Amino acid sequence: MCLSRSKCKICSQEVQQVLSFGKMPIANGFLKADDFHQEYFFELACGFCEHCKTFQLLHQTDPSQMFHEQYAFYTSTSRYMSAHFEAMALNYIQHWLPNKKDPFVIELGSNDGTMLKHFAERGIRHLGIEASQNVAEIARKNGVETRCCFFNDTTAEEIKQNYGKVDLISVANVHFSNMNEVAKGVSLLLKDHGIFVFENPYLGNIIKNVAYDQIYDEHAFIFGLNSVSNIFEREGLEVFHVEAQETHGGSIRYYLCHKGKHSKRSSVMELLHQENDVLNLNRVETYRTFAKNCEQRQQELVALLKKLQAEGKRVVGYAATAKSTTILNYCSIGPKLISCIYDTTPIKQGKYSPGMHIPIKPYTADWYKTADYVVLFAWNHAKEIFEKESEFTKNGGQWILFTPQIT
Ligand SMILES: [Zn+2]
């Protein structure tokens, strides 16, 4: 393995590579057979910065490769995520905005307006910032005011000029390559006592569960409390509260404010203790062990699929998630081992999975009759899916899960 060094995307100190998943396509780049010859690849390698404690991709892809007209993910297509965002909106309205006069709320990466529509319905001033034109258009149709742009300090200044400062800025599961500009923009836009809420899949869970499928092009950084604190501290912001969330296999919702404007809650010290003394997320050795664990999972999964193939079992995939791209490419699993992936998203159906070119077939009520085994790529929704697909198990079908263990 070639160990490349590069500069930390946050603090510019030198970062050493801790693992590489090899050549990787864009995770959401589901494509037609006609486009196989022009598929884009990059090296998916990760490093850990010992200075600002940020786990990051070493080679970033051009953002225009990832977010464009064909962007394939709509928040509202997941019933589970819709419910999560509704609860999030109600939490803001009930707990964080009740005494504000004419509050103004902004969401970064507002997608199709699934979260903000709860503000729109109540006549609360809001603005969505969304980089993909096609999803922004759907949000507008849902009555959610949306600006189509990338968020940085320049666009933040424009928003401030046009709309004024903001009471609450929310961002969940959105991944920026320019975190320093985002921090500057947030600091610039947030009112004196305003709140910035930043929610992301938690580094601690990814390391603990060897959930390496969460690592892909859009996730330029994987955050923990140490890194979030360091990134935003540079712009005078501090974390004053954290809450664990069940989404994406375990996420953390960080609450930030201008330094000293809200009293720090005990949740912050508790998570810090967990990171530094229990999970050892502040030490580079932890990530070297993680790399070894990923390799082991890779070998186990491939061995299992090859064994099933030798036994003549029919194996399919369930849910063509962006996450599945890292697994399939890192393990070199193509249509010989998984004949197709069933998915409910119309824009992906009839296309092929990025890199390994497994056909994506439309989800039908009797899909389970075509399979003996099914690999669950949406493992974070396992409970919901097992309930929905009880017919498959009743007919003798078996699920294959790859996190936290291959089972
Ligand atoms: Zn750094």
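Glycine 47 has glutamine 56 in β4 as its bridge partner. This description refers to a predicted model. The pairing of β3 with strand β4 (residues 55-57) is antiparallel and comprises 3 bridges. Between the two strands of this hairpin there are 6 residues, and lysine 53 adopts a positive phi near 65°.

Strand β3 (residues 41-48) also runs antiparallel to β2, to which it is joined by 7 bridges. Within β3, phenylalanine 48 is the residue that stands opposite glutamine 16.

## Domains and the contact between domains 1 and 3

According to the domain assignment, the protein comprises domain 1 (5-57), domain 2 (75-282) and domain 3 (299-400). The centres of domain 1 and domain 3, taken over C-alpha atoms, are separated by 25 Å. To their contact, domain 1 contributes 14 residues and domain 3 likewise 14 residues.

Which strand gives the most to the side of domain 1 that touches domain 3? Strand β2 (residues 14-25) does, with 4 residues. By residue class, that side of domain 1 divides into 10 nonpolar, 3 polar and 1 charged.

## The seven-stranded sheet

An open sheet of 7 strands has the order β7-β6-β5-β8-β9-β12-β11, with mixed pairing. Its edge strands, β7 (146-148) and β11 (237-245), each pair on one side only. From one strand to the next, the twist averages 20°.

Within this order, strand β8 (residues 166-172) pairs with strand β9 (residues 190-201) in the parallel sense, over 6 bridges. Leucine 190 in β9 stands opposite valine 166.

## Helices across the sheet

Helix α6 (residues 179-189) lies across β8, β9 and β11, and its direction makes an angle of about 145° with β9. Helix α8 (residues 225-233) lies across β9, β11 and β12 (251-258), running at about 150° to β11.

## The largest nonpolar core

In soluble globular proteins, nonpolar side chains tend to be buried together. In this model, the largest nonpolar core holds 116 residues. Which of its residues touch the most other members? They are Ile169, Phe196 and Leu256.

The surroundings of phenylalanine 196 link several of the elements described above. Residues up to four places away in sequence being left out, phenylalanine 196 touches Ile169, Val186, Leu190, Leu237 and Leu256.

Terms used:
Residues numbered from 1 in each chain as written. Predicted model: local features only at pLDDT ≥ 70, side-chain atom pairs only at ≥ 80, totals over all residues. Core = buried A, V, L, I, M, F, W, Y, C linked by C-beta atoms within 7 Å. Buried ≥ 20, exposed ≤ 12 C-beta atoms within 10 Å, placed from the backbone. Contact = placed C-beta atoms within 7 Å. Domains from an automatic or database assignment. Nonpolar A, V, L, I, M, F, W, Y, C, P; charged D, E, K, R; others polar. Pairing = 2+ DSSP bridges. Axes fitted to C-alpha atoms, helices over the stretch in contact; angles between N-to-C directions.
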